[in-house]
Amino acid sequence: MAIQKILIDQFLMLASQYPVLDVRSPGEYAHAHIPGAYSLPLFTDEERKVVGTAYKQQSRKKAIKIGLDYFGVKMRPMVEEAERLVLQLNDRSRQENDPVVLVHCWRGGMRSAGVAWLLDLYGFKVYTLTGGYKMYRQRARARFDEQYQLTVLGGYTGSGKTSLLHELQHNGYKIINLEALANHKGSSFGALGEKPQPSQEMFENLLADALYSMSRVAGNAGEIFIEDESQRIGSMNIPDSFWKQMRSSRVVFLDIPFEERLTYLTEEYGKFDKAAMVNAVIRIQKRLGGLETKQAVNYLLENNHRECFRILLKYYDKYYEKGLAARATDPALVKKINCSTVDIKTNIQNLLHEKITVQ
């Protein structure tokens, strides 16, 4: 068998069928990686530092010798881990005469070449990524410059937009859930109940991967629903080019009465830890105002979540109105849908009844 070097587009196509092994160090992988890739590090973070220092300060040959010292004792465990992954995944790679794996490092250099040689020697069919993870990042960033047929799902806070996205997906529509990718719901309370946010780079990788998945369904044609968001979601930033496209796309605005949204928010957030909610209120005190902050915190301490959220909802409604007025969308592209309550089943019927989707 021969190791095959392939370009990024072919690599991503095969990645949907076969295991991707990221042989960079654990720290590099933890910071950001190709979504779905498995960490199979050739060197630890410290070993990578030693090899890199030897390469810069001594010679390439010296660095290779040091690397071989580290690599030798890891050969059998790496082969066994690759075998375990193939068996665990139960995908097409098990159906081939020779199990298939995809391997990459940072720039498609010695690390991926070394691991590819080992796995090829053992009997795997191995593909390596020309240009490595660096090339993947170039392709991921380019993904944001492509044109998509977006429909932005808008509405004041508490309109159940995220739940509606899930229902649209359940009904076969293409969606991008930015809050799920960012592990954050966008507001000061957005981190409650969520996992830690990824790095900015990993968030971009996840978004690029989601867009790639949508494009594989029907090219870049076909409507994609996406929730109206600020450019910043927690500590994540939506890439500029994609953000500008969102801001110039048509908007479906769910117009739901204040009291209905207040009830929804009270049920949604009233279950969280009181101290965490108090801290969330305090984080926006400069914009909320001293008196309103004090009143909201006092209501929380008294377990009067509804009146606390009443204060916060008025603030977020004003904030959203300001953002809606500033967007680049032609007013004619904003479609308002009157909804009497935050009921997902009813509201998706209202949405589809208005025939706002592109056929």
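This tour moves through the central sheet, the helices against it and several aromatic groups of a predicted model.

Begin by selecting the strands β7, β8, β6, β11 and β12, which in that order make an open sheet of 5 strands with parallel pairing. At its edges you will find β7 (174-176) and β12 (334-338), each of which has a single partner strand, so one side of each is left without a neighbour in the sheet. From one strand to the next, the twist averages 25 degrees.

Next, select β6 (residues 149-155) together with β11 (residues 250-255), a parallel pair joined over 5 bridges. Within this region, Leu153 stands opposite Val252 of β11.

Then turn to the aromatic rings, which form 15 pairs in the model. Select Phe43 and Tyr70, whose ring centres are 6.0 Å apart; their planes stand at 70 degrees, and angles over 60 count as edge-to-face, so this pair is edge-to-face. Phe43 belongs to the loop between β3 (38-39) and α3 (45-57), while Tyr70 lies in helix α4 (residues 60-72), so that the pair links parts of the chain 27 residues apart. Phe43 is buried, at 9% relative accessibility, whereas Tyr70 is partly exposed at 21%.

Two further stops remain. Selecting Phe189, Tyr269, Phe272 and Phe309 shows one aromatic cluster, and selecting Arg24 with Tyr133 shows the charged end of Arg24 over the ring of Tyr133, 4.1 Å from the ring centre.

Definitions and conventions:
Residues numbered from 1 in each chain as written. Predicted model: local features only at pLDDT ≥ 70, side-chain atom pairs only at ≥ 80, totals over all residues. Heavy atoms only, no water. Phe/Tyr/Trp six-rings, centres within 6.5 Å; stacked < 30°, edge-to-face > 60°. Helix = DSSP H or I, 4+ residues; strand = E, 2+ residues; numbered from the N terminus. Buried < 20%, exposed > 50% of the residue type's maximum accessible area, 1.4 Å probe, protein only. Lys NZ or Arg CZ within 6 Å of the ring centre and 35° of its normal. Pairing = 2+ DSSP bridges. Axes fitted to C-alpha atoms, helices over the stretch in contact; angles between N-to-C directions.
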